[in-house]
Every structure is written in structure tokens, then in C-alpha cells.
Amino acid sequence: MGGPDVVSAAIEFAVGAQQCLQGEAAAALPPCPAHGEALVPRRMHAGAEWRCPEGDVSCPVGKYTETLWPPPAGTAPEPRLVADRLRRRSLAFLSLVVEAGDGRPLVRVRLTEGADQAGFARAVDPLNLEVTGWVPPPKTVRTDSDVGEGAPPYRALTYLGGFGQLARLAGRLHGPAPGGDADVVVEVANGTLVPVRLLPDHRVGEPGGALLLDAQGRPFARVGDNVVCAGGARHTAVLNEEAVFVAWEIRAVAKEGASGSDP
């Protein structure tokens, strides 16, 4: 966008986006929580702000959802509103449900052991908070297996943290493209190169050595090794941007007759 500075460019972008979205939705966007009219981007001393034409509601650009809190008395907010509020405060949760309750609405969450329960309570105030379960924190396990019975041995890095997708991606291991959004690349049977992001703790090796190391720095896999990843493709909201396969496990599978020792 144009403009002599960042604030002017942000306002120009906001105006263009607002006009486009209002036409698509046939509604005032973003609506003023008090009056329902569309907020207007304006340059203020502190930077760019959304301001109501009535003059009594404003918020910094990018902080609109903060103006929606707390929810009106007697109403239960959408779970997405609560989830976004928690994420903006770097409060990670495993699951979240919002219930109307008898008095104040109730937020039920499952948390990782060691999570800041007091921080969650402050973030959802004036709603009530209930922790429905505590889950051990994620960890990475390395397995060096000689499975026997004619099956080839393998090495595996597995992320134990509740990642749910279970698709299979198999091929040859390659290094990532410079600046790409991937830890490694897997070449599948038809020659397609699939970028892969690894959830397990790992390190990238130096040129000329193992491409992939475990978290302790031990060699795990080299360029050209046969690997099998378990996970799923995470698509992006950006048009024409490539999807990345997010793997919660990667196995380096030895060729038939090869040993299962470190590369």
C-alpha cells in the first residue's frame, strides 16, 4: 500500500479491506459494539485507530476484539471469542467449552500440567473458569527399533502431545529450500517434493553430515534416506500458498538387509 509512512499505509489498507468486506457481507464492518455502525479508521497521536462516527467508541487497529470484552451481562460469548482472547495473552489450552450456567457463564478448559491457572482466570473474568483436566506436557521420544520377522529396522522421532491427524507420507528425505516454511522435504513416488514441518524436537545437521539430528544432537537421518511421516497437511488461508505437511512422527526406515544403526 502507498502512503508516506506505516500508519498511513495501514489506514489505506484498512479502508480498502473494509469497503471490499462490507460489499461482500452486506453489513457494517467492523460494527461498533455500542451503535452497530461501521467503525472508521482514523490517524491518532498513538497511531491508527478504529473510531465510531458517534465518537464514544475507539480501539487501536488490530485490537477490535478487545472492545467486545466483557460480553453483555446475561449472555454467553462465542467460544471463538474466548479462545482468541486467551491466545492473544499466550495462554495455550487443549480444549475449551463455554456454557451459559445458572449465573455467570462458565468456561471449561483442559490444560497442560504447569499452565498458569490464575492467568486463565484473570483473562476470562468476569466469567467463571473450571479446569476439567490436566494433561502431561508434550515431549519427544526417540525409538531405535529392530522389529525382526523380516521387517526392516527403523528409527523414529515421535511427538507425544495429542496431534490428531493420521495421514501417511513416504518418500526420500531432502533438505528444505532456503527460506521455505519447512524443516525437511520429502520426495514422494511421483517425484513431487512435499514440504514437511516436524513437531518432534530435532536439530538440522551441518552440510556433509546427517541432515536430521535428534534433540540431543545424535544423527537421525541423511539426505536420500527412506522416511515415513505421520501427520496431516495444514493448508494456508493465503491464495496459491503451498500447504505444509505437519508431522507428529518421522521414521527413517532402513533398506532391506541394512542394519538399524545410526547413520
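Modeller: A residue is called buried under 20% relative accessible area, exposed over 50%, and partly exposed in between, with a 1.4 Å probe and protein chains only. The model is predicted: local features need pLDDT of at least 70, side-chain atom pairs count only at pLDDT 80 or more, and totals for chains, interfaces and linings use all residues. Residues are numbered from 1 along each chain as its sequence is written, and side-chain values use heavy atoms, with hydrogens and water left out.

Colleague: What makes strand β5 largely enclosed by the rest of the structure?

Modeller: Five of the seven residues of β5 (residues 106-112) are buried, so the strand is largely enclosed. Strands here are DSSP runs of E with at least two residues, helices are runs of H or I with at least four, and both are numbered from the N terminus.

Colleague: Which sense describes β5 and β6, and over how many bridges do they pair?

Modeller: The sense is parallel, over seven bridges, with β6 spanning residues 128-135. Val107 also stands opposite Leu129 in β6. From β5 the chain passes through α3 to β6 in a right-handed β-α-β crossover; the term applies if, with the strands pointing away from the viewer, the path from the first strand over the helix to the second runs clockwise.

Colleague: Why is Arg142 called buried, and why is Arg172 called partly exposed?

Modeller: Arg142 has a relative accessible area of 16%, which is under 20%, so it is buried. Arg172, at 36%, falls between 20% and 50% and therefore counts as partly exposed. Arg142 belongs to strand β7 (residues 139-145), whereas Arg172 belongs to strand β9 (residues 167-174).

Colleague: What makes the approach of Arg142 to Asp144 a polar contact?

Modeller: A polar contact is a pair of N or O atoms within 3.5 Å; within protein, one must be able to donate a hydrogen and the other to accept it, and residues adjacent in sequence count only if both atoms are side-chain atoms. The side chains of Arg142 and Asp144 make such a contact at 3.0 Å. A polar atom of the Arg142 side chain also lies 3.2 Å from the backbone oxygen of Pro219, and the side chain of Arg172 reaches the backbone oxygen of Gly224 at 2.6 Å.

Colleague: How do you know that the span of helix α1 is close to the expected one?

Modeller: The expected span is 1.5 Å times one less than the number of residues. Helix α1 (residues 6-25) has 20 residues and reaches 28 Å from its first C-alpha to its last, close to the expected 28 Å. Its buried residues are Ser8, Ala9, Ile11, Ala14 and Gln18, and they pack against β1 (40-44) and β2 (47-51).

Colleague: How many residues reach a pLDDT of 70 or more, and what is the chain mean?

Modeller: On this scale of the predictor's confidence in each residue, from 0 to 100, the chain mean is 87, and 89% of the residues reach 70 or more. Over residues 257-262 the pLDDT is below 50.

Key: Contact means heavy atoms within 4.5 Å. Two strands pair if DSSP finds at least two bridges between them.
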